[in-house]
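Colleague: Could you give me a close look at how the helices and the sheet pack in this model? Please take it slowly and say what each term stands for as you go.

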Amino acid sequence: MQRILVIGASRGIGLAVAAELLARGWHVTGTVRGSAPTPLRVLASDHPDAVEIASVDITDTAQISALRRRLEGRRFDILLVNAGTASPNQDETIGRTSPEEFARVMLTNALGPMRAVETLGDLVAPAGTIAVMSSGQGSIAENTRGGRELYRGSKAALNQFMRSYAIRAGGARPLLLIAPGWIRTELGGEGARYTLAESAPKLAELLLAQVGRPGLRYLDRDGRTVAW
Ligand SMILES: NC(=O)c1ccc[n+]([C@@H]2O[C@H](COP(=O)([O-])OP(=O)(O)OC[C@H]3O[C@@H](n4cnc5c(N)ncnc54)[C@H](OP(=O)(O)O)[C@@H]3O)[C@@H](O)[C@H]2O)c1
């Protein structure tokens, strides 16, 4: 049985990808924050042998370390760091953003994911994939329309940090930054272009295609390279 660890699997894209891989025969370890009921808990109670739930807030270093200790000795084929956030006020310019909101979004979208990658990465098999949920809005080259300045900046920072991580990793490890497309979730909103149902199989295929392919890629939902 192949195994995936999904950080941020309580709902939205993380939950949908977890459910998709479960349906394809994978074992899923998914994380939630706190102990409130989530759809992932329903999945776990329906599939107790194939779904395990752990808890982590990626902005809390101690919680990431505790998760690493809990998972000691495990081997995953894929680590997907999916957790992310956006600002409620998407139109606010970066110069008007409060330091608190700047810190919250950057911690959640850039520092937290990289701490998770650095702390949990050695649980992934050598040919396994470490994937991080970025966004097309993290692309500097494709920012021709502006807007969502803090979100864009946080994902661009994430991309840059993954480049540095890839250099440290030496090129042998499959690494992936995903631009999943605009998807109807709490973060994506009602008007988003794609449903979760049509996106989950594509994102699962994207993940599976990277296993055994060394190096860092920044890919969209169709497997096309996104300009950095
Ligand atoms: N939807 C889109 O159109 C779109 C497009 C491009 C990229 N993305 C990226 O895809 C990822 C998932 O987005 P989504 O649309 O599925 O959003 P979502 O429905 O709002 O779900 C966000 C997920 O991240 C988790 N999370 C947030 N902050 C966390 C933290 N500090 N620690 C641990 N988990 C945390 C949430 O857990 P809780 O339930 O505990 O809050 C939830 O599981 C994000 O990285 C997002 O930036 C989304």
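**Helices against the sheet**

Modeller: H5 lies across S5, strand S6 (174-179) and S7, and runs at about 170° to S6. Helices (H or I, at least four residues) and strands (E, at least two) are DSSP runs, numbered from the N terminus. Before going further, please note that this is a predicted model, in which local features need pLDDT of at least 70 and side-chain atom pairs count only at pLDDT 80 or more, while totals for chains, interfaces and linings use all residues. Residues are numbered from 1 along each chain as its sequence is written.

H4 also lies across the sheet, over strand S1 (3-7), strand S4 (76-81) and strand S5 (124-133), at about 165° to S4. For these angles, axes are lines fitted to C-alpha atoms, for helices over the stretch in contact, and the values run from 0 to 180 degrees between N-to-C directions.

The sheet itself is open, with seven strands in the order S3-S2-S1-S4-S5-S6-S7 and parallel pairing; two strands pair if DSSP finds at least two bridges between them. Strand S3 (51-55) and strand S7 (215-220) are the edge strands, each with a single partner strand, so one side of each is left without a neighbour in the sheet. On average, and with direction ignored, neighbouring strands are turned by 20° against each other. At the S3 end, strand S2 (residues 27-32) runs parallel to S3 and is joined to it by five bridges. Val32 has Ser55 in S3 as its bridge partner.

Now the two helices we began with. Two packed helices are described by the angle between their axes and the distance between the axes. H4 and helix H5 (residues 149-169) pack at about 25°, their axes 9 Å apart. That makes H4 roughly parallel to H5, since angles under 35 degrees count as roughly parallel, over 145 as roughly antiparallel, 65 to 115 as roughly perpendicular and the rest as oblique. H4 passes H5 in a right-handed crossing (left-handed if the near helix is turned anticlockwise from the far one by less than a right angle, right-handed if clockwise). Among the residues that meet are Phe102, Val105 and Met106 in H4 and Leu150, Tyr151 and Phe161 in H5; contact requires C-beta atoms, placed from the backbone, within 7 Å. This contact divides into 13 nonpolar, two polar and two charged residues. Here Ala, Val, Leu, Ile, Met, Phe, Trp, Tyr, Cys and Pro count as nonpolar, Asp, Glu, Lys and Arg as charged, and the others, Gly among them, as polar.

H1 has helix partners too. The axes of H1 and helix H2 (residues 39-46) come within 10 Å and cross at roughly 15°, and H1 and H2 are therefore roughly parallel to each other. The crossing of H1 past H2 is left-handed. In this contact, Leu15, Ala18, Ala19 and Leu22 in H1 meet Pro39, Leu40 and Leu43 in H2, which gives seven nonpolar, no polar and no charged residues.

With helix H6 (residues 196-210), H1 packs at about 65°, the axes being 9 Å apart. H1 passes H6 in a right-handed crossing. Ile13, Ala16, Val17, Ala19, Glu20 and Leu21 of H1 make this contact with Leu196, Ser199, Ala200, Pro201, Leu203 and Ala204 of H6. By class, the contact has ten nonpolar residues, one polar and one charged.

Conventions
Two residues are in contact if their C-beta atoms, placed from the backbone, lie within 7 Å.
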